[in-house]
Amino acid sequence: MRNLLALAASLALASCGLQPMYAGGSQAAVAQGLAAVEVPAIQGRGGWLVKNALEARLGVAGDAAPRYRLDVRLDDSLEALGVLNDDTISRERRILRARYQLIDIATGAVLLDATAGSDAGIDVVSSEYATIAAEQKALENLALDVADRMATQVALTLRAQASAQP
C-alpha cells in the first residue's frame, strides 16, 4: 500500500510540471551556469562574508570560465531597539541588505536586478566583549542567509534562461 501511495504521489508531481532545480547533478544547465558566475570583491567585512558564502554556493559544479558577473552592493546597519530608563541600550537590530545584478559578460545585459535582506536581534549585555561577539555572529549568520537568498534567485534566473533557449 505504501509503495502504491508513493507511486501515485510521484505521478501527481510529474503531471503538475514540478521538476528538481538541479536535475542532472553537476552537469545540469543550472549547475553549469552557477559555476560560471563570477563574484567581484564586495566592500567591508559583511561583503567578504557574503562573497565567500556565494562562492561556496555557486561553485558546486566546479570552476568554469566566467559567463556571468554578480555585482553586489551591501548595506549593513546596526540600530538600537530597546532603551532602558537610564538611557542604556538593551537590544539592537542588525540589518543586512543586498542590491545585486546578474550581468551576462558577453552582452552586458542585466539578467537579474533584485534585492535580498535579513535582520537579527541582539541582546546588549553588561559585557562589551559579549555584545561585540554577538554583533559579529549576527553579521556572519545574516551574510549566510542573504547569500542563500541571492543564490536561489540566480539559480531560478539561470534555469528560466536555459529553458527559454532552444
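Helices (H or I, at least four residues) and strands (E, at least two) are DSSP runs, numbered from the N terminus. By that definition the protein chain contains 4 helices and 4 strands, arranged along the sequence in the pattern α-α-β-α-β-β-β-α. This is a predicted model, in which local features need pLDDT of at least 70 and side-chain atom pairs count only at pLDDT 80 or more, while totals for chains, interfaces and linings use all residues. Residues are numbered from 1 along each chain as its sequence is written, and side-chain values use heavy atoms, with hydrogens and water left out.

**Chain as a whole**

- Of the 166 residues of the protein chain, 31% are classed as buried; buried means under 20% relative accessible area, exposed over 50%, and partly exposed in between (1.4 Å probe, protein chains only).
- Among contacts in the protein chain with a separation of 6 or more, 64% are between residues 24 or more positions apart, where contact means heavy atoms within 4.5 Å.

**Helices α3 and α4**

- Helix α3 spans residues 44–58 and helix α4 spans residues 128–164; their axes come within 8 Å and cross at roughly 40°. Axes are lines fitted to C-alpha atoms, for helices over the stretch in contact, and angles run from 0 to 180 degrees between N-to-C directions.
- That angle makes α3 oblique to α4, because angles under 35 degrees count as roughly parallel, over 145 as roughly antiparallel, 65 to 115 as roughly perpendicular and the rest as oblique.
- The crossing of α3 and α4 is right-handed; a crossing has this hand if the near helix is turned clockwise from the far one by less than a right angle, and is left-handed if anticlockwise.
- On the α3 side, the residues that meet α4 are Arg45, Gly46, Leu49, Val50, Ala53, Leu54, Arg57 and Leu58. Their counterparts in α4 are Gln136, Leu139, Glu140, Ala143, Leu144, Ala147, Asp148, Met150 and Ala151.
- By class, this contact of α3 with α4 has 11 nonpolar, 2 polar and 4 charged residues. Ala, Val, Leu, Ile, Met, Phe, Trp, Tyr, Cys and Pro count as nonpolar, Asp, Glu, Lys and Arg as charged, and the others, Gly among them, as polar.

**Residues in strands**

- Arg73 belongs to strand β2 and counts as exposed, at 57% relative accessibility.
- Leaving aside neighbours within four places in sequence, Arg73 is in contact with Arg97, Ala98 and Arg99. The C-alpha atoms of Arg73 and Tyr100, 27 residues apart along the chain, are separated by 6.4 Å.
- Gly117 is found in strand β4 (residues 110–123) and counts as partly exposed, at 21% relative accessibility.
- Beyond its neighbours within four places in sequence, Gly117 contacts Leu96, Arg97, Val146 and Arg149. Gly117 and Asp75 lie 42 residues apart in sequence and 9.2 Å apart in space, C-alpha to C-alpha.

**Residues in loops**

- Thr88 lies in the loop between β2 (68–83) and β3 (89–104) and is partly exposed, with a relative accessible area of 35%.
- Not counting residues up to four places away in sequence, Thr88 touches Gly82 and Val83. Thr88 and Val124 are 36 residues apart along the chain, and their C-alpha atoms are separated by 9.3 Å.
- Ile105 is placed in the loop between β3 and β4 and counts as partly exposed, at 38% relative accessibility.
- With residues up to four places away in sequence not counted, Ile105 touches Glu38, Pro66, Arg67, Tyr68 and Arg69.
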